[in-house]
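This report goes through one chain of a structure, the side it turns to its partner, and one position in that partner.

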Amino acid sequence: MSTLRFNTEELVGRFEDRRDVKNLAGKYVMSLLLKKEPTILQDLWSARDDISLGVDSGYYAGRDALAAYYASIDAATKKKAQVLKEVFPEDLGEYSDEKLYGRGPMEIRSLDNAIIEIADDGETAKAFFYVFGLVTDISERGPVSNWVLGSCCFDFIREDGVWKIWHVLYLEDVDTPAGKKWGDPNALEQFPEMENFAAMKGVEPAKPNRPMELRTLYTGSRPFTKLPKVPEPYDTFANTFSYGADSQEAWR
Amino acid sequence: MRKQYYSDDERIIRVWDVEEVKDLMARRQVLNMNNERRKELDTLWVTEPKYRKTASMGSNWGYYVGMDEISNFYVAQYTDRLQKALDEKCAVNPGLRNIRDNFGYGDLIAHHVSTPCVVLAGDGKTAKGVWYSLGVRSLGKPDGSCEAKWYPERICADFVKEDSGDWKIWHLLISLDVEYEAGTNLGDVETFTGAPTEAQKEFGEPTLPYVVHNPDYGWSDGYPTVPPVAYYSYDPAEGFGPEGRPKWHKGHPNYRKENG
């Protein structure tokens with residue numbers, strides 16, 4: 001961003017905007033860690049209908065699709081807690097459902113390498129982050145911790161003076177159990193299914209309502225794959241690319 | 001070190017200068033991860049002749065000095081390596097076309113940065129920054145498997161605001177702390193093999209060979225200094241270019257005769 005086109009007052013405001021959208025991105029990944037899926041849509045996302053979340057296997061496009069996605073995560077979170085309660089009755093048997101909620105998964109994603117642009121008109125913003133994460137989940141294989149490498153890109157929009165998430169594009173390159181070789185497609189198979197976690201079989205988040213291959217996980221035979229497009233300075237959203245479901249420019 | 005007083009106008013420009021330097025480094029890392037090295041040098045590095053001549057790219061084993069030397073090492077030699085690797089992959093995999101678009105086939109590069117610490121000179125003309133990168137690099141092998149490694153490193157740089165008003169990278173120093181295979185216990189990694197690491201071999205023959213950072217002794221050399229200290233105007237002896245290299249004294253484990 002060139003500082004020459006803005007006066008002092010505007011530069012202060014734009015710095016505050018930059019800080020606010022960065023904080024919002026941080027709240028987003030912290031909400032995933034803290035299992036806030038039941039409220040994340042209302043708390044952090046725009047009220048618009050054209051919101052979307054893109055992942056390797058496609059887009060959750062539209063408010064209803066995102067609501068269904070987060071509801072499926074919520075249901076899975078409850079199931080995981082119940083399974084853990086059954087596996088560890090002495091430790092967790094007395095816990096209420098409310099107190100149990102969120103036990104099991106631990107999704108740590110740090111947002112690094114920030115590239116943020118605020119539109120000249122101040123109505124929207126864009127951000128790219130590299131994601132370095134440790135994601136532990138509970139499945140029929142019991143608890144497994146994965147290294148996660150990828151990127152998380154955002155379009156933000158200002159609504160009633162408050163920044164909200166409009167589009168998220170979260171693409172992973174690596175999602176491999178810790179201690180195993182990245183790029184080994186059979187790494188997860190090295191963790192056998194466990195009888196006392198059998199109830200987790202088939203418990204998965206809802207599939208994207210617009211399935212398409214946005215990205216494939218890394219292997220030693222994957223063509224070299226660039227990161228998604230990073231934000232460039234722009235005047236208004238109509239004159240830049242979108243991380244939303246209706247545009248594939250960001251990752252093609 | 002700063003002037004005692006800055007006007008409001010000066011202060012907000014200084015705030016944005018630091019933001020722009022952080023942005024510049026983040027963009028540099030993306031271009032590096034995308035194998036867009038020529039674009040990185042052309043768009044993010046210094047353009048004015050006086051800076052191009054003294055630009056440097058350093059690592060544990062020395063410095064490439066001047067944009068021509070940097071370009072030869074960082075772009076031309078790297079492209080040769082990509083071509084050689086693709087030749088080997090194509091020899092085993094006839095279905096893989098030997099074209100430039102397939103450079104880096106099977107590779108993953110992730111030198112993302114975090115933990116920025118940026119200091120702007122009191123005169124606002126230069127800045128210094130240090131980041132940490134929990135780097136990862138995985139190279140595809142001809143048989144379709146890969147060799148994945150951790151490359152945790154400090155990434156340090158001097159930046160200069162050119163006459164255009166744009167911040168540019170002037171001196172870059174990538175200070176690798178350790179290189180080891182993913183999925184292994186770092187405690188099990190043999191430290192003193194006596195053989196150069198892959199990273200050292202790839203760094204080739206720099207313009208100025210020198211032991212800049214030797215992590216064999218548990219990071220005891222303390223260089224590059226973190227964080228950069230406040231300063232008023234740029235002093236090469238305190239920068240991340242070759243003139244700012246650590247002056248190892250006789251008796252220090254990093255001291256070599258060639259250190260001069």
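## Fold of chain B

In this predicted model, chain B has five helices and nine strands. Read from the N terminus, the elements of chain B follow the order α-α-α-β-β-α-β-β-β-β-β-β-α-β. The radius of gyration of chain B is 19 Å, close to the 18 Å given by the globule rule for 260 residues, so chain B is as compact as a globular protein of that length.

Taken along the principal axes, the C-alpha atoms of chain B fill a box of roughly 65 × 45 × 30 Å. Of the 260 residues in chain B, 39% count as buried, and among the contacts in chain B with a separation of 6 or more, 63% are between residues 24 or more positions apart.

## The side of chain B that touches chain A

Between the two chains, 38 residues of chain B are in contact with 31 residues of chain A. On the side of chain B that touches chain A, at least two residues each come from α1 (8–33), β3 (108–110), β5 (126–140) and β6 (146–161) of chain B. The largest share of that side, 13 residues, is supplied by α1(B). Sorted by class, the side of chain B that touches chain A has 17 nonpolar, 14 polar and seven charged residues.

## The helix pair across the chains

Helix α1 of chain A, residues 8–33, and α1(B) have axes that come within 10 Å and cross at roughly 35 degrees, and the crossing of α1(A) and α1(B) is left-handed.

Where these helices meet, α1(A) brings Thr8(A), Leu11(A), Val12(A), Phe15(A) and Arg18(A), while α1(B) brings Asp8(B), Asp9(B), Ile12(B), Val15(B), Trp16(B) and Glu19(B). By class, the contact of α1(A) with α1(B) has six nonpolar, one polar and four charged residues.

## Ile138 in chain A

Ile138(A) lies in strand β4 of chain A, which covers residues 124–139. Ile138(A) counts as buried because 23 C-beta neighbours lie inside 10 Å, where the cut-off for a buried residue is 20 or more.

Apart from neighbours within four places in sequence, Ile138(A) is in contact with Lys80(A), Val83(A), Leu84(A), Gly104(A), Pro105(A), Pro143(A), Phe197(A) and Met200(A). Val148(A) is 10 residues away from Ile138(A) along the chain, and the C-alpha atoms of Ile138(A) and Val148(A) are separated by 16 Å.

How values were computed. Residues are numbered from 1 along each chain as its sequence is written. Chains are lettered from A and ligands numbered from 1 in the order in which they are written. This is a predicted model: local features need pLDDT of at least 70, side-chain atom pairs count only at pLDDT 80 or more; totals for chains, interfaces and linings use all residues. Two residues are in contact if their C-beta atoms, placed from the backbone, lie within 7 Å. Helices (H or I, at least four residues) and strands (E, at least two) are DSSP runs, numbered from the N terminus. Ala, Val, Leu, Ile, Met, Phe, Trp, Tyr, Cys and Pro count as nonpolar, Asp, Glu, Lys and Arg as charged, and the others, Gly among them, as polar. The radius of gyration is taken over C-alpha atoms; the globule rule is 2.2 Å times the number of residues to the power 0.38. A residue is buried if 20 or more other C-beta atoms lie within 10 Å of its own, exposed if 12 or fewer, and partly exposed in between; C-beta atoms are placed from the backbone. Axes are lines fitted to C-alpha atoms, for helices over the stretch in contact, and angles run from 0 to 180 degrees between N-to-C directions. A crossing is left-handed if the near helix is turned anticlockwise from the far one by less than a right angle, and right-handed if clockwise.
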